[in-house]
Amino acid sequence: MIGFIFIYWIWKAFSNLAITYDKNKWKYFFIGLGSYYGITFLAATLYVIIIAVINGIDALDDQSYYNSGLDFACAVLGGLGCYGIYKFLENKGLEEKELLRKEGIDSIGLAEEN
């Protein structure tokens, strides 16, 4: 159930960001969703690799290395990664908007030569 809340939160935030900077909202939504699930998957994979290296591959069958805290930690890392991607896209959009505004003001009164 919490996963649906995360999906809604990601959709809302990235869609609003896309609308603010005149971008495709579905593209931004899939970037946000991919970043959340991708980083969550990478965190879980890294944990499994660390357990396999430290305790051997046979330790992966043991259920004592898994608990619900691991799920929560991976979800938090995914959320932080998604937030990082959001801030990156926000800064990129702000820079593009600033560049368009700057080019628009500087080109007033100039005639383009062929």
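Predicted model: local features only at pLDDT ≥ 70, side-chain atom pairs only at ≥ 80, totals over all residues.
Among contacts in the chain between residues at least 6 apart in sequence, 64% join residues at least 24 apart.

## Exercise 1. The elements of the chain

Solution. 
- Step 1. Of the 114 residues in the chain, 25% are buried.
- Step 2. The chain exposes about 8600 Å², and carbon and sulfur atoms supply 66% of this area.

## Exercise 2. The span of helix 1

Compare the reach of helix 1 with the span expected at 1.5 Å a residue, and state which residues of helix 1 are buried.

Solution. 
- Step 1. Helix 1 consists of 19 residues.
- Step 2. The expected span is 1.5 Å times one less than the number of residues, which gives 27 Å for helix 1.
- Step 3. From the first C-alpha to the last, helix 1 reaches 27 Å, close to the expected value.
- Step 4. The buried residues of helix 1 are I10, A13, F14, S15, L17 and A18.
- Step 5. Just after helix 1, D22 adopts a positive phi of about 55 degrees.

## Exercise 3. Two aromatic pairs

Classify the pair Y8 and W11 and the pair F14 and Y86 by their ring geometry.

Solution. 
- Step 1. The structure holds seven aromatic pairs.
- Step 2. In the pair of Y8 and W11, the ring centres are 5.8 Å apart and the planes stand at 40 degrees, so the pair is tilted. The cut-offs behind this step are under 30 degrees for stacked and over 60 for edge-to-face, with the rest counted as tilted.
- Step 3. Y8 and W11 are three residues apart in helix 1 (residues 2-20), so about one helical turn separates them. W11 has a relative accessibility of 26% and therefore counts as partly exposed.
- Step 4. The rings of F14 and Y86 have their centres 5.5 Å apart and their planes at 85 degrees, so this pair is edge-to-face.
- Step 5. The pair links distant parts of the chain: F14 belongs to helix 1 and Y86 to helix 3 (residues 68-106), 72 residues apart.
- Step 6. F14 is buried, because its relative accessible area is 2%; Y86 is buried as well, with 19%, and the cut-off for buried is under 20%.
- Step 7. F6, Y36 and Y37 form one aromatic cluster.

## Exercise 4. A nonpolar patch

Identify the residues of the nonpolar patch on the surface, and decide whether I50 is buried, partly exposed or exposed.

Solution. 
- Step 1. The patch is formed by L46, I49, I50, V53 and I54, which together have about 510 Å² of accessible area.
- Step 2. I50 lies in helix 2 (residues 25-55).
- Step 3. The relative accessibility of I50 is 40%, so I50 counts as partly exposed.

## Exercise 5. The surroundings of L70

State where L70 lies, whether it is buried or exposed, and which residues it contacts beyond its neighbours within four places in sequence.

Solution. 
- Step 1. L70 is found in helix 3.
- Step 2. L70 has a relative accessible area of 18% and is therefore buried.
- Step 3. With neighbours within four places in sequence left aside, L70 is in contact with Y47 and Y65.
- Step 4. L70 and Y47 are 23 residues apart along the chain, and their C-alpha atoms are separated by 8.9 Å.

Key: Residues numbered from 1 in each chain as written. Heavy atoms only, no water. Phe/Tyr/Trp six-rings, centres within 6.5 Å; stacked < 30°, edge-to-face > 60°. Helix = DSSP H or I, 4+ residues; strand = E, 2+ residues; numbered from the N terminus. Buried < 20%, exposed > 50% of the residue type's maximum accessible area, 1.4 Å probe, protein only. Patch = residues over 30% accessible without salt bridge, like charges linked within 9 Å, V, L, I, M, F, W, Y side chains within 5 Å. Areas by Shrake-Rupley, 256 points an atom, 1.4 Å probe, with all protein chains shown as cover. Salt bridge = Lys/Arg side-chain N within 4 Å of Asp/Glu carboxyl O. Contact = heavy atoms within 4.5 Å.
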